[in-house]
Amino acid sequence: MNPILIAISVISGAVLAYEVLLIRLFAIVQWHHFAYMVISIALLGYGASGTFLALAQGWLKPRFAAAFSVNAILFGITALLGFALGERLPFNALEVLWDPRQLLYLLVLYTIFVVPFFCGANCVCLAFATFGRQIGAIYRADLVGAGAGALGIVAVLFALTPSESLRLIMGLGIAAAGFVQLSRHGGRAHLAAGFLVTAALLPLVLPASWVALRISEFKGLRMALDVPATEVIGEYSSPLGLLTVVRSEGIPFRYVPGLSLNSTAEPPTQLGVFTDGDSLSVITGYDGRRDTLSYLDFTTSALPYHLLEDPSVLILGAGGGADVLQAVYHNANRIDAVELNPQIVRLVQEDHRNFAGAIYSRPDVRLHVAEARSFVSRSAERWDLIQIPLLDAFGASAAGVQSLSESYVYTVEAFQAYLRHLAPDGILAVTRWLKLPPRDSLKLFTTALVALEREGVKDPARHLALIRSWNTTTLLIRNAEIDSTTIGRIREFTELRSFDLAYYPGVTASDANRFNVLPVPYFFDGTSRLTGAERDRFIARYKFDLTPASDDRPYYFDFFKWRSLPELLDLHAKGGAALLELGYLILVAILIQAVALSLVLILLPLQFGQNQPVRRSDRAHIAAYFFALGLAFLFVEIAFIQRFIVFLGHPLYAAAVVLSGFLVFAGLGSGAAPRLAALVTMHTTKIAKSGLRVSGIAVSVAAISIFAMLYLVVLPPLFARMLAWPDLGKIGISLLIIAPLAFFMGMPFPLGLTRVSERVPSLVPWAWGVNGCASVLSAVLAMIFAIHFGFTVVVMVAVVLYWIAAASFWNPRPGDQVLPQ
């Protein structure tokens with residue numbers, strides 16, 4: 001194989017692996033939403049690359065091998081050193097909206113992380129500019145390498161820590177420099193050997209302190225380690241997260257969310273388990289004596305056990321096992337515990353088995369390593385109680401940094417699935433953190449009402465009950481109506497524990513807000529309005545978005561409303577920072593910055609360095625074509641990753657399979673693009689006589705449109721039929737589904753770039769830069785569209801953008817323009 005194509009595949013794989021790895025690294029040291037912010041701007045390195053090469057290509061193209069090698073080596077070095085420098089900046093993502101210094105640190109972060117992406121993009125873009133007749137092969141090598149990098153880094157993270165993986169990526173960059181020297185354009189075998197040896201050895205000898213993770217002091221792990229006599233006793237890494245097990249002898253962990261102040265029982269010794277330095281779960285010491293678990297009866301999540309006798313229980317998110325112990329204490333006759341992360345299961349099941357009392361090995365406990373929604377959807381069983389415990393950290397929830405997190409656990413369709421798996425008198429119990437003013441609990445309440453209505457329940461309000469403690473709420477959704485006997489038990493339970501009643505059928509104002517007194521009975525008022533005749537008006541006028549999440553819009557944690565922003569900004573100085581829902585505002589900030597920087601990078605080459613005269617109309621055609629393609633490709637890719645999450649049963653599998661599948665099959669399509677164009681040209685003579693011109697671009701766009709729109713209709717019922725298939729079978733069918741769509745999506749870019757190379761070769765780097773800038777914007781715009789309109793709209797917009805691109809290079813009158821044909 002051509003060494004240049006190998007080098008392109010290696011550098012492309014390294015760049016994409018670095019992008020995925022940075023998301024993991026920032027999720028650990030900061031929060032993953034801020035990783036998206038930095039990376040999105042850093043990816044403008046692709047746009048900067050196009051601008052740079054548009055101005056410098058005349059000097060660099062004759063020195064291709066040397067320029068490629070220098071950029072590949074710089075990518076490897078700056079990828080590692082950039083992260084080492086970036087995490088040493090005193091940047092606090094949570095203060096970015098009100099501390100001006102944080103904006104300066106953020107600008108420095110952008111600058112640091114632009115460099116490796118800029119260098120990596122230079123390698124590919126320079127190949128396009130230098131070898132115009134091989135654009136299809138180059139683009140295929142680029143996409144196949146990127147696909148391998150996306151899939152490979154996920155596999156690597158099961159074996160190596162994120163810090164070790166960063167060293168590997170550095171080595172890949174240097175190795176790419178070695179491969180290009182093996183080509184006839186390099187011709188220096190000794191230099192190639194030196195680069196390859198350096199790639200293998202240099203990452204091994206670098207000091208570990210350079211890439212040691214420095215977790216934010218505002219995350220739970222750092223705060224826990226500030227407590228005297230606290231130590232880390234284990235650390236476990238995988239693509240699913242970095243788990244840190246902590247023991248505190250000085251001030252022992254006593255983590256029992258929502259524990260009543262009336263409880264006289266003290267929790268046993270606990271080990272803290274932090275995921276990515278924040279989300280806390282605990283492994284509770286259990287010696288087999290039931291009475292040591294009595295404290296678990298004084299939490300809001302214990303309520304359903306007082307309404308059921310010896311229930312069969314499904315726990316969706318078992319974590320360290322606290323909810324399993326609660327079921328054991330209440331004499332559940334059968335317990336199914338579902339946990340997504342196999343590392344946590346191993347901690348409880350193996351590493352700390354004796355400490356945890358081997359709870360996952362009990363005869364009445366069945367353990368399932370699976371995604372909660374997927375497990376329920378493919379199960380044929382029914383349970384008396386389905387528990388959804390707290391699945392996130394209070395700090396992250398309160399700060400609003402989760403608002404961009406997709407969750408298929410809390411959608412209307414998910415609630416419908418849970419209800420169908422309940423016994424006739426069964427109960428779905430969902431516990432959430434208490435927020436003021438209420439957001440989570442009221443959105444959950446609305447979701448339950450809509451799910452019950454869709455299931456044909458005539459009076460959904462008679463199936464619900466909501467209680468709260470000082471920091472948690474628990475919502476009960478009963479398959480049968482909540483009768484007077486059940487209400488009596490609920491009142492007795494809350495009275496004994498000083499929990500407040502927020503809602504049950506027939507609740508009055510005097511029943512609510514009695515123990516944990518609020519200035520206003522927010523929860524009673526909210527649930528009363530939601531169960532009344534003016535629900536829609538209340539939701540429309542409420543300061544936070546209470547619209548239920550759906551599988552098409554799975555952003556349960558997004559509560560942001562634009563009309564509330566002025567008031568919330570005014571309150572932040574008075575202690576109301578937690579009301580700002582930072583995640584969405586950060587997303588908007590990314591978009592504004594990316595638009596501004598993209599305009600600079602796209603327009604700059606048009607003002608300087610253009611030696612070849614280019615008509616303004618041709619520039620407009622090129623800009624419209626490659627900008628629309630950059631938006632459309634990622635719109636489709638992002639939307640289909642979401643479509644496959646529930647089907648494949650894990651977000652990680654969906655991202656790896658869909659991303660790598662799209663890139664690899666698009667790469668194959670790019671290789672076939674010239675043959676398609678030639679075939680279309682051969683058969684257009686008769687069509688042209690009718691006055692209609694057809695091109696390879698138009699044919700590929702038509703195929704993309706057909707498959708994309710067809711999948712919107714076909715995939716939901718198809719996935720429902722195949723949910724019970726084994727994982728390997730589902731991965732195989734996923735790739736088969738992706739293949740034809742991705743194959744045709746790989747064609748428009750090389751076909752368009754080949755046309756530019758033939759007619760205005762000086763604009764090839766600029767076209768690459770325009771496409772790169774659009775790709776940055778597309779990731780942000782896709783999420784904004786999905787939050788407001790859903791992923792179906794994202795796909796439909798992508799189809800429109802593909803046709804805009806096709807129209808940009810479509811000329812009904814031959815000879816009228818330089819570019820279109």
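**Entry 1: α24 against α26**

I looked up the contact (heavy atoms within 4.5 Å) of α24 with α26 in this predicted model: Gly696, Ile697, Ser700, Val701 and Ile704 of α24 meet Pro748, Leu751, Gly752 and Arg755 of α26. I sorted the residues of this contact into 5 nonpolar, 3 polar and 1 charged; Gly counts as polar, Pro as nonpolar and Arg as charged.

I then checked the geometry. The axes of α24 (residues 696-722) and α26 (residues 748-759) come within 9 Å and cross at roughly 165°. Axes are lines fitted to C-alpha atoms over the stretch in contact, with angles from 0 to 180 degrees between N-to-C directions. The two helices are therefore roughly antiparallel (over 145 degrees).

**Entry 2: α17**

I listed the buried residues (under 20% relative accessible area, 1.4 Å probe, protein chains only) of α17, residues 522-530: Phe523, Phe524, Gly526, Thr527 and Leu530. Seen down the axis, they fall within an arc of 170°, so they line one face of the helix; the arc is taken from the directions from the axis to the C-beta atoms. I found that they pack against α15 (440-454), β10 (464-468), β11 (472-478), β12 (500-503) and α18 (535-541).

**Entry 3: the chain**

I noted 28 helices and 12 strands, which are DSSP runs (H or I, at least four residues; E, at least two). Of the 821 residues, 61% count as buried.

**Entry 4: conventions**

Residues are numbered from 1 along each chain as its sequence is written, and side-chain values use heavy atoms, without hydrogens and water. Local features need pLDDT of at least 70 and side-chain atom pairs 80 or more, whereas totals for chains, interfaces and linings use all residues.

Conventions:
Angles under 35 degrees count as roughly parallel, over 145 as roughly antiparallel, 65 to 115 as roughly perpendicular and the rest as oblique. Buried means under 20% relative accessible area, exposed over 50%, partly exposed in between (1.4 Å probe, protein chains only).
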